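Please read the points below with the sequence and the structure open beside you.

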Amino acid sequence: MDVSYINPFIESASNVFNITLNSPLTRQGLSLKQTDTPLYEVSAVIGLSGKVSGTVVFSISAPVAFGIVKQMLDTDVAEINADVADAVGELSNMIAGGAKVHFSQYNLALGLPKVLVGHNHVLRFPGNVRPICVHFKARWGAVALEVGLDTLAISTENTADQDADLELAASC
Amino acid sequence: MKVLLVDDSGTMRTIQKRCLLKLGIGEEDIVEAVNGQSALEQFDRGVFDIVITDWNMPVMDGLTLLKEIRKNDKEIPVVMVTTEAEKSRVVSAIEAGISDYLVKPFTVDTLKDKFQKWVPAMV
């Protein structure tokens, strides 16, 4: 996957954390996701569809989830409950939504976020997708953002545009 | 001042409701709905002064809700609070008759400024 596609997601995540949570989000590194198991116990999953398809996973630990709820709702929670799932889902929605603007040529639509909880859940990306994982540090702990886009569709789209340009040039 | 507040996220409804309460709207004057369909049912049953709605929701989305409202009510302010920031989406909302638009994420101050603009009773 072309790593440049990750940049809008990094930018959006930082923006959402700064504005909504008053927390800087410090980037720690990048890696290629090697396994189907999420890094942390709370995963918010958003599907992307349109001319390009893909999946965005926002993965956080329980302490980070509790911090998010405290900041957004001024509510103390000690377990991952419906309020936590909702807040994390909404945050992931904002991150994906903010990044989507940079892919307007692909007419992307966001699915509704699904939040999975627990250390044993499995998240599989489609076979031709190698998700990139961006590691961050927020005020309450570690955060990961996994983005897997079907770049075959992007390459095909770009090739089609190039072919159209060539046809137009030949006809002039 | 009666408000119809529509969002499938309880978190977002809570944040917006707290802002409305701070601006002087009574709790009994804020009616919540979790999607466009239930919002439309509330809208048809009650008398509201403003509708504040998300865009992407299950069952019926905010744009469809807006279009349904505008079939019979061209005047009521409808404010969209959404992650949808692309120009084409904003244009489609304007063409459907949206009164105002607020893109998530937003600070509480931005939310307050937006709501104050449409609710003159607020201080």
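1. The lining of the largest pocket receives its biggest contribution from α1(B), which gives five residues. This should be read with the reminder that the model is a predicted one. Besides α1 of chain B, which spans 10–22, both α1 and α2 of chain A supply at least two residues each to the lining of the largest pocket.

2. The volume of the largest pocket is about 400 Å³, and 16 residues line it, those closest to its centre being A:Thr20, A:Gln71, A:Met72, B:Ile15 and B:Val108. Sorted by class, the lining of the largest pocket holds nine nonpolar residues, four polar ones and three charged ones.

3. The second largest pocket has a volume of about 210 Å³, and its lining is made up of 15 residues, with A:Glu90, A:Leu112, A:Pro113, B:Asp8 and B:Ser9 lying nearest its centre. Here α3(A) provides the largest share of the lining, namely five residues, while the division by class is six nonpolar, five polar and four charged.

4. Turning to the contact between the chains, how many residues does each of chain A and chain B bring to it? Chain A brings 19 residues and chain B brings 20 residues. The size of an interface is often expressed as the accessible area that is lost when the parts come together. For chain A and chain B the buried area is about 1500 Å², and carbon and sulfur atoms account for 58% of it.

5. Some of the pairings across this interface can be listed by kind. The rule finds three salt bridges between chain A and chain B, and one of them is that of B:Glu84 with A:Lys100, in which the closest N and O atoms are 2.9 Å apart. Across the interface of chain A and chain B there are also eight residue pairs in polar contact, with both residues at pLDDT 80 or more.

6. On the side of chain A that touches chain B, the elements giving two or more residues are α1 (7–21), α2 (62–73) and α3 (82–100) of chain A. Which of these gives the most? It is α3(A), with eight residues. By class, this side of chain A consists of eight nonpolar, six polar and five charged residues.

Note on methods: Residues are numbered from 1 along each chain as its sequence is written. Chains are lettered from A and ligands numbered from 1 in the order in which they are written. This is a predicted model: local features need pLDDT of at least 70, side-chain atom pairs count only at pLDDT 80 or more; totals for chains, interfaces and linings use all residues. Side-chain values use heavy atoms; hydrogens and water are left out. Contact means heavy atoms within 4.5 Å. Buried area is the accessible area (1.4 Å probe) that two parts lose on being put together, summed over both. A salt bridge is a side-chain nitrogen of Lys or Arg within 4 Å of a carboxyl oxygen of Asp or Glu. A polar contact is a pair of N or O atoms within 3.5 Å; within protein, one must be able to donate a hydrogen and the other to accept it, and residues adjacent in sequence count only if both atoms are side-chain atoms. Helices (H or I, at least four residues) and strands (E, at least two) are DSSP runs, numbered from the N terminus. Ala, Val, Leu, Ile, Met, Phe, Trp, Tyr, Cys and Pro count as nonpolar, Asp, Glu, Lys and Arg as charged, and the others, Gly among them, as polar. On a 1 Å grid over the protein atoms alone, a cavity is a set of points where a 1.4 Å probe fits but cannot get out, and a pocket is an open set with protein on both sides within 12 Å along at least five of seven lines; lining residues have an atom within 4 Å of a point. Grid points are joined across faces, edges and corners, and a volume is the space filled by probe spheres set on the points.
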